Amino acid sequence: MKLTRLPIALALAGAALLTSAPVAAQTQMKMNISIGQNSHYGVAIDTFAREVEKRTNGRYRIQNFYAGAMGAERESIEAIQLGTHELTMSSSGPVPNFVPETRILDIPFLFRDKAHARAVLDGPIGQDLLAKFESKGIKALGWAENGFRHMTNSKRPVNTPDDLKGLKMRTMENPVHIAAYKGFGIVPTPMAFTEVFTALQQGTVDGQENPLSVITAAKLDQVQKHLSLTGHVYSPAVLLMSKAAFDKLSADDKKHFMDAAAEAIKANRARVDEDDAKGVADLRAKGMQVVEVDKSKFQAALSPVFAEFNKQFGQANIDRIRNFK
């Protein structure tokens, strides 16, 4: 009897060892954006989450929050500094409050086109700026994109800079933008993007400025009648992570997160290209009046402001970006 029981005992012991074998723990992280899921930001963070989970074999899972569910952009960056959540994707609006050196990217008419902007951001200039986030408790995973910003309002068509005078416009919480818009004669009103639709709807502000991707995703056509294709500022975005959380990753997982960010940025830029290609026609179809403007007139109107920017940032630093190939 003892001999016949031995194989059974061994089998039971083996089963116990199998069931008690350690299972790889899953770490959950939170990521927040200020705009809805069906957007150039949404496609970026969804791609990022999918790639992280795939590349780490499910050991890391990113839970995404949309439309400012965990706070506006500035609050979200503060949260990753504090460790309240681990990841965010932000426009350049509040970023100079954390890394002042990034302000130079928001100078109007600095970039010739998207290809120029992407080359600058992906090259040594952009990478040097990303490195400056680390001393602030933030790991910058890469530069993504909003695109070129255009102006909308509910009052009148804007054909020339003079048409902007006196308009109360929502602006990003960004000192470079505010200075430029004052140069146009605009009354700038800084506010978080999560408040913009309601402010436009209630007439708190007359207009706002954003890339076509944002205007379409946020359905601003419902509260704005006039769109002027000013393309006055190229607006980058940036994927950010708590440095404390990033530093806890293994060397392999750090690479997985960086590679996932690269894929997210590809998806984001592809969506911006798509939105730019069809955005004007879509907005016209929804009833917006669209004006093509002479951008040289808008550049000329900012000559006094450019003189101040040259003093502030240094002509050589500005030219280094403008002339980058």
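Trainee: By class, how many residues of the lining of the largest cavity are nonpolar, polar or charged?

Mentor: The lining of the largest cavity has nine nonpolar, six polar and five charged residues, where Ala, Val, Leu, Ile, Met, Phe, Trp, Tyr, Cys and Pro count as nonpolar, Asp, Glu, Lys and Arg as charged, and the others, Gly among them, as polar. This is a predicted model, in which totals for linings use all residues. Residues are numbered from 1 along each chain as its sequence is written.

Trainee: Which residues lie nearest the centre of that cavity?

Mentor: Of the 20 residues that line the largest cavity, Glu73, Ser91, Arg170, Met172 and Phe193 lie nearest its centre. On a 1 Å grid over the protein atoms alone, a cavity is a set of points where a 1.4 Å probe fits but cannot get out, a pocket is an open set with protein on both sides within 12 Å along at least five of seven lines, and lining residues have an atom within 4 Å of a point.

Trainee: Switching to pockets, what lines the largest pocket?

Mentor: Its lining consists of Pro100, Glu101, Arg103, Ile104, Ile125, Asp128, Leu129, Lys132, Phe313, Asn317, Arg320 and Ile321, and by class these are six nonpolar, one polar and five charged residues.

Trainee: And which residues line the second largest pocket?

Mentor: The second largest pocket is lined by Gly36, Asn38, Thr216, Ala217, Lys219, Arg271, Glu274, Asp275, Lys278, Gly279, Asp282 and Lys286.

Trainee: How do those divide by class?

Mentor: In the lining of the second largest pocket, one residue is nonpolar, four are polar and seven are charged.

Note on methods:
This is a predicted model: local features need pLDDT of at least 70, side-chain atom pairs count only at pLDDT 80 or more; totals for chains, interfaces and linings use all residues. Side-chain values use heavy atoms; hydrogens and water are left out.
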